[in-house]
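Some notes on the model follow, point by point.

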Amino acid sequence: MNKIVSDLFQNFLFGGAFIALVSYVGTYLNPVGGAVLWAYPFSLLPTLIFMRISGKDSTYIGRFTLVGTFAIMIEAISTLALAYFIRENKDSPYFLYIAIAKSILVWVVFGSLYYKGVYFFNLQKKFM
C-alpha cells in the first residue's frame, strides 16, 4: 500500500475513534463532558503528525496551527448557527438535516471570507 494512503488511513482511524468517543460521551454520559472533549482539537493531531512524517518542518507546522487557530472563529460561528437553526426548525421532521445544511452554508460563506481576507490583506506570508 502506498505510504501516503497508509498514513491517511491511520489518520482516518484515529479521527473516527475520537468522533465515536465524543459521540458516546455526549449522548450517553454527559453532554457537557462531550462538549469539553470535542473542544480540544484531537482531530488536528493526526494532521500534524502526517505533516511531520511528510517532511514538513516545525515552522510550517506551527504556521498551519496558527492559521487554524484563527479559523476556529469560523467553527464557532457555524456551531452557533447550527444551534440556532436546530431550535428554529423544531417542528420539521427533518429539523436536524435542514439545520446542518444551513450551518454548512454559513460555514462556506465565512470560510470563503476568511480565505479571501487572508489573501486580500496579504497575510498569507504570516501563515504559510
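**Notes on the model**

1. The lining of the largest pocket consists of 18 nonpolar, 10 polar and 1 charged residues (Ala, Val, Leu, Ile, Met, Phe, Trp, Tyr, Cys and Pro count as nonpolar, Asp, Glu, Lys and Arg as charged, the others, Gly among them, as polar). A pocket is an open set of points on a 1 Å grid over the protein atoms alone where a 1.4 Å probe fits, with protein on both sides within 12 Å along at least five of seven lines; lining residues have an atom within 4 Å of a point.

2. The model is predicted: local features need pLDDT of at least 70, side-chain atom pairs count only at pLDDT 80 or more, and totals for chains, interfaces and linings use all residues. Residues are numbered from 1 along each chain as its sequence is written, and side-chain values use heavy atoms, leaving out hydrogens and water.

3. Of the 29 lining residues, Trp38, Ser43, Ile72, Glu75 and Thr79 lie nearest the centre of the largest pocket. Helices H1 (3–29), H2 (31–39), H4 and H5 (95–120) each give two or more residues to this lining (helices are DSSP runs of H or I, at least four residues, numbered from the N terminus). H4 gives the most, with 13 residues.

4. Ser78 belongs to H4 (residues 58–88). Ser78 is buried, at 10% relative accessible area (buried means under 20%, with a 1.4 Å probe and protein chains only). A polar atom of its side chain lies 2.9 Å from the backbone oxygen of Ile74.

5. The protein chain has 6 helices and 0 strands. Buried residues make up 19% of its 128 residues.

Technical notes:
Buried means under 20% relative accessible area, exposed over 50%, partly exposed in between (1.4 Å probe, protein chains only). A polar contact is a pair of N or O atoms within 3.5 Å; within protein, one must be able to donate a hydrogen and the other to accept it, and residues adjacent in sequence count only if both atoms are side-chain atoms.
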